[in-house]
Amino acid sequence: MTAANTAATPANTTLGAPPPARVRGRRKAFDWPTAAVVVVVVAILGILIIYPLASVFGQALSARGWEVVRSTLTDPVNRQIVVNTFVLGAVVGVLGTVLGFLLAYVQVKVAFTGKRWFHLLCLLPVVSPPFAAATAIITLIGRRGIITHGMLGLDTNIYGLPGLTIVLVMSFFPVAYMNFKGMLENLDPALDDASANLGASKWTTFWKVTLPMLVPGFAASFLLLFVEAIADLANPLVIGGDFTVLASRAYIAITGEYDIVAGSAYSLVLLMPALLVFVVQQYWVGRRSTVSVTGKPAGQKRLITHPSGRVPLLAFGVLVLSAIVLIYLTVIVGAFTKILGINNEFTLANFQYVLSGIGNESIKDTTLLALIATPIAGILGMLMAWLVVRKVKRGSGLLDFLGMLGLAVPGTVVGIGYAIAFNTPLRVQVGGTTYQLLPALGGGAAMFGGAVAIVMVYVIRSLPSGQRTGIAALQQIDPSIDEAAASLGAESTTVFRTVTLPLIRPAFLAGLIYAFARSMTTLSPIIFITTPQTQIMTKQILAEVDAGRFGNAFAFCTLLLIIVLSVMGLMSLLLRGRNDVRTQIGAGA
Amino acid sequence: MSTTDRHRDSGQISLTRLVKEFTGRDGTTRAVDDIDLVTEPGEFLTLLGPSGCGKTTTLRMIAGFETPTSGEILLDGADMTRLTPDKRPMSMVFQSYALFPHLSVFDNVAYGLKLKKMSKAEINESVESALASMDLVKLANRAPNQLSGGQQQRVALARAMVMRPKVLLFDEPLSNLDAKLRVQMRTEIRSLQQRLGITALYVTHDQDEAMSLSDRIVVMNRGKIEQCGTPDDIYRRPATVFVADFIGQANFLDPASVSVVDSSARVEVLGSQRELPAAPGSAEAGAHAVLVRPESVRVTRTVTGEAVDAAPGESVVGGRGRILRAVFYGAVVEYEIDTDAGTIIAEVADPDPSAILVEGELVEVDFPRSRGWLLPA
């Protein structure tokens, strides 16, 4: 509220303005409940993401901050960091997209049994804790790696770009895999038939028909992976070595140099390309898909059965999946071993260490906070989806974008923003008096030991996935179902509660599960706002890795995986199939 | 349902200068262009027209799903124009049925009553009688996707009916059903509406539906009302060429000379002078057409060399023509005949097998005086 606004209100009342609801000539049937919900949602998003982002901007655009921003172009050291970041993004983007595509192609187009297992293994990295892949890779093929040194006797150094690339591709390819899987499944097999009928061989059809139709998919996957790769903080810290990227540079500035201004400046430099790429991906590439998703594929799907295609494709798939299995086996075996690769003695000491003291507390705190954040993120996501698809006509794109910011903005930037914004109370000075709008929510001095800020980070980071699945689900539901409810006397909030929410429950459930997994495994924003009173598992894992106690880190990762997988299983059991009149999306016979 | 005649005195919708504009990428289009319309209480009124004529937009404005650009919507004198749909005492039946997929048949029908905060006993009673009247009692616990299309439509009807609305709105409710079921549902909708005496507004592009259901039909074209009248008016005495062409099949004959006095005209067509009734506005019109429906056309084989016999009193000397095409449909034979007034379609019902004409034959073409209708072209 500005001063101009408060001044205007008394002036109006003295003039005796007519009550606004009855003003003639205003032709819109105004939907007050919806307007109220929009205001509340925007206010929540304002606190959760806009205010922290504005804080980063405030610091980075100060005189000294701007100096640092400029140095990323002028200073050779800083320029190298920017180049490193882009190189990493590009390499991971290309390799991750290719890997994701090949695996999706095998899954959809090649005939083999066990597709379900293939699919689940491809998705395993999504729920994996950070560091799990990096530490396992170091153990397997690092300087003293079991495979490279122990079995082959090599002296390899994977710290830096090579190691980072392997780990990031292994962690993020599922995004591309899911993307391509959906597209390939929706490709009309009649196109293949038509191409064959016109005299093209399978190979020609693949090059001339299938691939060109997937071009938007390649662009989208590349951009998504690019953003994920440049935003990642955990892996550059563990396996980056001397290869510094913007995220790790910002982290060092804040935690090592205690220089918030420089940290914000690096964040800004990281934020700009990330946001740009995100916008291009979501609003430009995303709309250019040539694959019709709405049309029902006609004709019989024909799978690749001929050995000349099947054998190499399957061999490749099995190879990749074996690598994934090997990585997670290393984590689990490592958790029960003294020092994997050097002293392979069975031990429970790692778990003993992890389950006592700080470790035990961090498990409890993390799980509790994630469980608090999950339903909030889920409901907020569905609400956003409903507003975007059904209620808000003008500005729905902007609202959607606000909700997606939690995904578009790199976690490091979110974390630094939270540290600046919420570690002190928010006070506003109006004409000599100071009003406190918000108490300190993060940092050791805040209430609940800074837990509020952590829950907020969890919510804003998990919101986008729920919002997306909600939007997709809502677009499938015939709008006249909403209208029928309104016509029977339900006002818009009642429609949401009694019709929309029950209908998008499967999407809601998926959103919840993803929100929980993401909260439990998120590190980059959390690292800046944990406090001695609130221990978070991912931060503890980082500490163990830093100290070189891989066994403890493996034990933490194993526990984290167990918690995530069992809560996911429990949730789907609890929320699925209670008094279900089986959901039929859309209407009609 | 127990009550009858409850709404005989209410349910009057009146639209005044109603306009709806949509703004898209290629500028503003007027979907509904300055419409005035008043329904009688308890009337069954159908909005009929080709797709894009504005009929559905009009209905959706009345229901409250679209906000008029300008104009007014009154229900029994109360202004509805700015009310949200849930505040209007109307219920709508949708083309896609729009049943709530997560609710049973019973709960679908009970949905609106629960929002009215009625007692449980009252709800049960109302829902049960609604289900009984639609023959749905046995299906009460089914989910909508376990029902056939016709059953789903009945549920949708029961759900709207149970609310005892002042007006029932129908948005092409039968277009997803197969032909036989459509005819059957038509009858049910009509008898139910008459039993309850609720005003009904029905949108369709199917003229059979409009003819069989309606007290009055409103024919719309390009956002405007072309004509509003009884089915008989619309079919026999269309106001415009558009209406005549849209409803049923039409022959438009080109008259050689026309003189109009009030509502009748002397017209020279098909080689003879005829006295015909004329549509309002014919006198002022610059060009005219004579409407003759195919079933009114008389076709007789020309007997070469012999004069055509003329029944006394009947408008006689018909024009001559040649059969271009003859199609046997079973119940009727359809002829396409080339005449000096244009190509004429003639339909002969219950054709005598030995008398069916073939392509190239010369015929005499005529129509009874009362079956011609002069229109401004």
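Modeller: In this predicted model, helix α19 (residues 451–476) of chain A and helix α22 (residues 505–521) of chain A pack at an angle of about 155 degrees. Angles over 145 degrees count as roughly antiparallel, and α19(A) and α22(A) are therefore roughly antiparallel to each other. Their axes lie 8 Å apart, and the crossing of α19(A) and α22(A) is right-handed. On the α19(A) side, the contact is made by Y458(A), R461(A), S462(A), S465(A), G466(A), T469(A), G470(A), A472(A) and A473(A). On the α22(A) side, the contact is made by A507(A), A510(A), G511(A), Y514(A), A515(A), R518(A) and S519(A). By class, the residues of this contact are seven nonpolar, seven polar and two charged.

A second pair in chain A can be described in the same terms. Helix α8 (residues 161–186) of chain A and helix α10 (residues 202–231) of chain A also pack at an angle of about 155 degrees, with 10 Å between their axes. That angle makes α8(A) roughly antiparallel to α10(A). The crossing of α8(A) and α10(A) is right-handed. From α8(A), the residues L168(A), F172(A), V175(A), A176(A), N179(A), F180(A) and M183(A) take part in the contact. They meet L214(A), G217(A), A220(A), S221(A), L224(A), L225(A), E228(A) and A229(A) in α10(A). The contact of α8(A) with α10(A) has 11 nonpolar, three polar and one charged residues.

The axes of helix α5 (residues 115–127) of chain A and helix α14 (residues 307–335) of chain A come within 10 Å and cross at roughly 50 degrees. That makes α5(A) oblique to α14(A). The crossing of α5(A) past α14(A) is left-handed. The α5(A) residues in the contact are F118(A), L121(A), L124(A) and P125(A), and those of α14(A) are G317(A), L321(A), I324(A), V325(A) and Y328(A). Sorted by class, the contact of α5(A) with α14(A) has eight nonpolar, one polar and no charged residues.

Chain A is divided into domain 1 (32–61 + 348–576) and domain 2 (64–292 + 301–347). The centres of domain 1 of chain A and domain 2 of chain A, taken over C-alpha atoms, are separated by 24 Å. Across the boundary, 38 residues of domain 1 of chain A are in contact with 44 residues of domain 2 of chain A. On the domain 1 side, the elements that give two or more residues include α2 (32–60), α17 (396–408) and α22 of chain A. The most comes from α24(A), with 11 residues. By class, the side of domain 1 of chain A that touches domain 2 of chain A has 29 nonpolar, nine polar and no charged residues.

Chain B is next. The domain assignment of chain B gives domain 1 (13–236) and domain 2 (249–306 + 315–376), and 39 Å separate the centres of these domains, taken over C-alpha atoms. Where chain B meets chain A, 37 residues of chain B are in contact with 26 residues of chain A. The elements that give two or more residues to the chain B side are β6 (90–93), α2 (105–115) and α4 (149–161) of chain B. That side of chain B has 19 nonpolar, 15 polar and three charged residues.

Chain B also has open sheets. One, of four strands, has the order β2-β1-β4-β5 (chain B), with antiparallel pairing. Its edge strands, β2 (27–38) and β5 (78–79) of chain B, each pair on one side only. Eight bridges join strand β1 (residues 13–24) of chain B to β2(B), and the bridge partner of T23(B) in β2(B) is T28(B). Helix α1 (residues 55–63) of chain B packs on this sheet, touching β1, β2 and β4 (70–75) of chain B. The direction of α1(B) makes about 115 degrees with that of β1(B).

Another open sheet, of three strands, has the order β12-β13-β14 (chain B), again with antiparallel pairing. The edge strands here are β12 (257–261) and β14 (272–277) of chain B, and the twist averages 20 degrees from one strand to the next. β12(B) pairs with strand β13 (residues 264–269) of chain B over five bridges. S259(B) stands opposite R266(B) in β13(B).

Conventions: Residues are numbered from 1 along each chain as its sequence is written. Chains are lettered from A and ligands numbered from 1 in the order in which they are written. This is a predicted model: local features need pLDDT of at least 70, side-chain atom pairs count only at pLDDT 80 or more; totals for chains, interfaces and linings use all residues. Axes are lines fitted to C-alpha atoms, for helices over the stretch in contact, and angles run from 0 to 180 degrees between N-to-C directions. Angles under 35 degrees count as roughly parallel, over 145 as roughly antiparallel, 65 to 115 as roughly perpendicular and the rest as oblique. A crossing is left-handed if the near helix is turned anticlockwise from the far one by less than a right angle, and right-handed if clockwise. Two residues are in contact if their C-beta atoms, placed from the backbone, lie within 7 Å. Ala, Val, Leu, Ile, Met, Phe, Trp, Tyr, Cys and Pro count as nonpolar, Asp, Glu, Lys and Arg as charged, and the others, Gly among them, as polar. Domain bounds come from an automatic or database domain assignment. Two strands pair if DSSP finds at least two bridges between them.
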